[in-house]
Amino acid sequence: MSLFPTPGMSSLTPAAQNSQASSAPGRLNKPSALERSARDEMNAQVIDSLNVSIGAGNKSQQLLYRSAIDKINELLAPDFGPDALQATAAKQDNSAEATAERILSLSLGFYDSYAQQHPEMSEEERATSFVELVRGGFEQGFNEAKDILNGLKVLGGDIASGIQQTFELVQKGYDDFLAGKLQPKSDSGG
């Protein structure tokens, strides 16, 4: 049975056809129970969509965090298995600073394990490669979160400036981490 009407076929649902066929001239045509149920379900979906849109605006930092962590998890999975980074407790500070700190702490916390798995690389190569890996995951997750917020039409004002601040803080954190790894070791002998 085709879901699309073909020439000569009615596009009405069977319930609508029955309702139409049983209508006597001059009689009010009330929707059937099936039609009311479908309409009620569609209305509920619209309301749920609005709730998601409103809720996403209020939780933009959580969305950014989740997207970034998911992408970093995806990129770390070949070396560390699925869900290498675990989500923190549901109640958390979602300010730009706190969100950036969590992203940095979780992603950079894997550096020692990464270094052990890549002994063939120099310290500079390991640090650079690792930061490129986690930075790439963060940027992909950030862009996905930003697209979602934009699509929900909640990306503006404080939300836009908050996630931009988070982005800048995470990038600075990655830069600082890399600079610390690339500094020449001072000689302690003399």
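Which helix is Lys71 found in? Lys71 sits in helix α3, residues 60–80. Helices here are DSSP runs of H or I with at least four residues, numbered from the N terminus.

Before going on, a word on the source. This is a predicted model, in which local features need pLDDT of at least 70 and side-chain atom pairs count only at pLDDT 80 or more, while totals for chains, interfaces and linings use all residues. Residues are numbered from 1 along each chain as its sequence is written, and side-chain values use heavy atoms, with hydrogens and water left out.

Back to Lys71. Its relative accessibility is 13%, so Lys71 counts as buried; buried means under 20% relative accessible area, with a 1.4 Å probe and protein chains only. Setting aside neighbours within four places in sequence, Lys71 is in contact with Gly137, Gln140, Gly141 and Glu144. Contact means heavy atoms within 4.5 Å. Between Lys71 and Glu139 there are 8.6 Å in space, C-alpha to C-alpha, although the two are 68 residues apart in sequence.

Next, the helix pair. α3 and α6 pack with their axes 7 Å apart, at an angle of about 140°. Axes are lines fitted to C-alpha atoms over the stretch in contact, and angles run from 0 to 180 degrees between N-to-C directions. That angle makes α3 oblique to α6: under 35 degrees would be roughly parallel, over 145 roughly antiparallel, 65 to 115 roughly perpendicular, and the rest is oblique. The crossing of α3 and α6 is right-handed, meaning that the near helix is turned clockwise from the far one by less than a right angle. By class, this contact of α3 with α6 has 13 nonpolar, 6 polar and 2 charged residues. Nonpolar covers Ala, Val, Leu, Ile, Met, Phe, Trp, Tyr, Cys and Pro; charged covers Asp, Glu, Lys and Arg; the others, Gly among them, are polar.

What does α4 meet in α6? Ile103, Ser107 and Leu108 in α4 meet Phe130, Val134 and Phe138 in α6. That contact has 5 nonpolar, 1 polar and no charged residues. The axes of α4, residues 96–108, and α6, residues 123–151, come within 11 Å and cross at roughly 140°. α4 is therefore oblique to α6, and their crossing is right-handed.

Last, helix α7, residues 157–182. α7 has 26 residues and reaches 38 Å from first C-alpha to last, close to the 38 Å expected at 1.5 Å a residue; the expected span is 1.5 Å times one less than the number of residues. Its buried residues include Ile159, Ile163, Thr166 and Val170.

Conventions
Helices (H or I, at least four residues) and strands (E, at least two) are DSSP runs, numbered from the N terminus. Buried means under 20% relative accessible area, exposed over 50%, partly exposed in between (1.4 Å probe, protein chains only).
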